[in-house]
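Please look at the sequence and the structure first, and then read on.

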Amino acid sequence: MRRAAKGEWRGWREATEEALYGPSGFYRRSEGPAGHFRTSVHASPLFAGAVARLLCRLDAALGHPDTLAFVDMAAGRGELVTGVLAALPADVASRARGYAVERADRPAGLDRRITWLAEPPKGITGLLFANEWLDNVPVDVAEVGPDGVPRLVLVRGDGAERLGEAVTGADARWLRNWWWPPAGARLARTPAPGARPDRTLPQGARLPQGAHTSAEEPLVPAEGSRAEIGLPRDLAWASAVSALDRGLAVAVDYAHFAGGRPPFGTLTGFREGRETAPVPDGSCDITAHVALDACALPGGRVVTQRAALRALGVSGARPPLTLASTDPAAYVRALAGAGAAAELTAPGGLGGFGWLLQPIGFPDGLRDTPAAADSPDAENDLLRDALLVDVPDHEEE
């Protein structure tokens, strides 16, 4: 990979690619992602256990294939795939094959059953799981200049920015289709969790101050409005999903949806557990939330992590007080588990992640006509199909 001169101006996509994955990139450092930020995988082994249950349910839906793959995209140091394999019952574990997909080198001491790859294997049957991968697929940033034209944001190695040439071609089409669409356009292939799938702009849209549009013209955002051009993520997700002959692909990330895109984008950095300015010098993670509706392929659906994990048996409910008197040690363990589950499902935190569920090779896929969004059964009906299991009609708080 070409090393840029310190003062060279580049698009954010090229600069981030080198800063994260180059020879001295952030994701090649010895401490790994866990040394800088906390994901659901690091928060509690309950997460890996839930994913293992999903894999078991998928195994049953697939008819218990001779080989059942679990692919951990952006595997870090292999924490999730290790936890999932350890949580599988013996009859499933004997047929399971674990794959960790990561650009960094294989960590020492990783279970030999886990195959370490730079790209997902092809022709597999099973579950491909991408936890906080797409937000680290580098993207370019566009900003509307004084002339009203979206322009590429250029960045130096020290984080300084300036505007470059106008956004054109496929990137411009992506912005028109997914970030600043015409007023009469359908919003998305897949709606936000709980949203009606047939909304059109401007109903419910949150536009930057000064923005204007008409039924025929594209949305014209105000000067200074920013967008992350998500086309590379759409292509990356489609490529990853193509690894599956049959099964389910799941992308988990902080997300936003058409009609509610953040007017100034979400590009940011993380270093040693703290949010920081994004500087493409390899010293910090560089991330941006994901337009999951744009990534979704036909048949895909998005639910919240809170709903998905609850359907998979992760609940933050406190254990009964009677257990404290009959088995104090068990009560303490259950209380600790409830606290971890509450963190994983917190609506304003990890529970607010979107889960994009993409079935492959199922005749009916996920239903194209989910229940009405104002129905109390809407998300549960969606989960019943998406997670391939029945869930209660009404969720207990």
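Which residue forms a salt bridge with aspartate 59? The partner is arginine 95, and the closest N and O atoms of the two are 2.9 Å apart. The model is a predicted one, in which local features need pLDDT of at least 70 and side-chain atom pairs count only at pLDDT 80 or more, while totals for chains, interfaces and linings use all residues. Residues are numbered from 1 along each chain as its sequence is written, and side-chain values use heavy atoms, with hydrogens and water left out.

**Salt bridges in the whole structure**
- A search of the whole structure finds 10 salt bridges, a salt bridge being a side-chain nitrogen of Lys or Arg within 4 Å of a carboxyl oxygen of Asp or Glu.

**Aspartate 59 and arginine 95**
- Aspartate 59 lies in helix α3 and arginine 95 in the loop between α5 and β3, so the pair ties together parts that are 36 residues apart in sequence; helices (H or I, at least four residues) and strands (E, at least two) are DSSP runs, numbered from the N terminus.
- Aspartate 59 is buried, with a relative accessible area of 1%, and arginine 95 is buried at 15%, where buried means under 20% relative accessible area, exposed over 50% and partly exposed in between (1.4 Å probe, protein chains only).

**Glutamate 143 and arginine 226**
- Glutamate 143 forms a salt bridge with arginine 226, with the closest N and O atoms 3.1 Å apart.
- This pair links distant parts of the chain, since glutamate 143 is in strand β6 and arginine 226 in strand β9, 83 residues apart.
- Both glutamate 143 and arginine 226 are buried.
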